[in-house]
Each structure stands twice: as C-alpha cells, then as structure tokens.
Amino acid sequence: MSLVPRSLLAIGALLLLHACYSAHEHASLSTSLSAPSSRLPASITPSSQPVSSSSLPLDISLETLASVLLICVGLVLGAEELRPISWRVWASRVQGGKGQAGEGFEWLEDGKRKGFLDIRGQREEFANWVRGQDGS
C-alpha cells in the first residue's frame, strides 16, 4: 500500500474518531442539560433553553460522512489488483506464461467438467427418449 492510501486511511480514521467523540460529548451535554438539577441557576434551566437530544448537529454528521468517504477511498486505492475470473487467464498466470494460455485447463470451460452432473444433457436425453416412446 502506498503513501496516499495510507494517509487517507489515517486522516479518515482520525476524523471518524473525532466525530465519535463529538457525538458522545453532545449526547452527554444534552442529557445533563435536560435533567432537572437544583445546582443549575434559574437562567440555565432546561425550560429556558430547549435542547434537542434526538439529533446531532450538522457539523458532526458531515464530519462522520467525510471520514467514512475518506476511509472508503483509501481502501479502494490501496486494494490489490483484482484477479481474473476466466480460468484460462488464471491458468496461464499460474504456469508463468509457458505454452498456450490455459493449456491443460480447457475442461474447466468447455462445459464437460469431469465429476459434475450435466443436467441439460440429461434433460435432452430424457426428452428424446419420451419422443421415441410416443412415436412407437
């Protein structure tokens, strides 16, 4: 993994950590302000300042989304090259490019795999057998 994906992951992780801390602090302050307390002065009573404990401030939500986006971009940029799906390409890479691509692995792609049940072929044989029974 190169420097750019690692730095994006680190920045994203720090931003996410800060967003979580901010959300925790917001929830703690919201709970402490909404609870009735005899120590609070009359000017800071919950009835004088309505506090919404159900929603986070917009800056915390945006910081969370930005950090998740940075983490996702860092993971995508730092990922290894995808492997081929085709057996022939895989086999030629395994063999180191010797000979023809996929030499010895053709049976994996020709539809006649050894040890696998050929449902389509058996269906066709059964249909031919039924047609032969009807015609006799």
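From the N terminus on, the chain's elements follow the order α-α-α-α. This amounts to four helices and zero strands, where helices (H or I, at least four residues) and strands (E, at least two) are DSSP runs, numbered from the N terminus. The model is predicted, so local features need pLDDT of at least 70 and side-chain atom pairs count only at pLDDT 80 or more, while totals for chains, interfaces and linings use all residues. Residues are numbered from 1 along each chain as its sequence is written, and side-chain values use heavy atoms, with hydrogens and water left out.

Two packed helices are described by the angle between their axes and the distance between the axes. Helix α1 (residues 3-34) packs with helix α2 (residues 58-78) at an angle of about 155°, and their axes lie 8 Å apart. Axes are lines fitted to C-alpha atoms, for helices over the stretch in contact, and angles run from 0 to 180 degrees between N-to-C directions. The two helices, α1 and α2, are therefore roughly antiparallel to each other, a term for angles over 145 degrees. In the contact of α1 with α2, 16 residues are nonpolar, eight are polar and one is charged. Here Ala, Val, Leu, Ile, Met, Phe, Trp, Tyr, Cys and Pro count as nonpolar, Asp, Glu, Lys and Arg as charged, and the others, Gly among them, as polar.

As for confidence, pLDDT is the predictor's confidence in each residue, from 0 to 100. Among the chain's elements, α2 has the highest mean pLDDT (96), and helix α3 (residues 87-94) the lowest (70).

Technical notes:
Angles under 35 degrees count as roughly parallel, over 145 as roughly antiparallel, 65 to 115 as roughly perpendicular and the rest as oblique.
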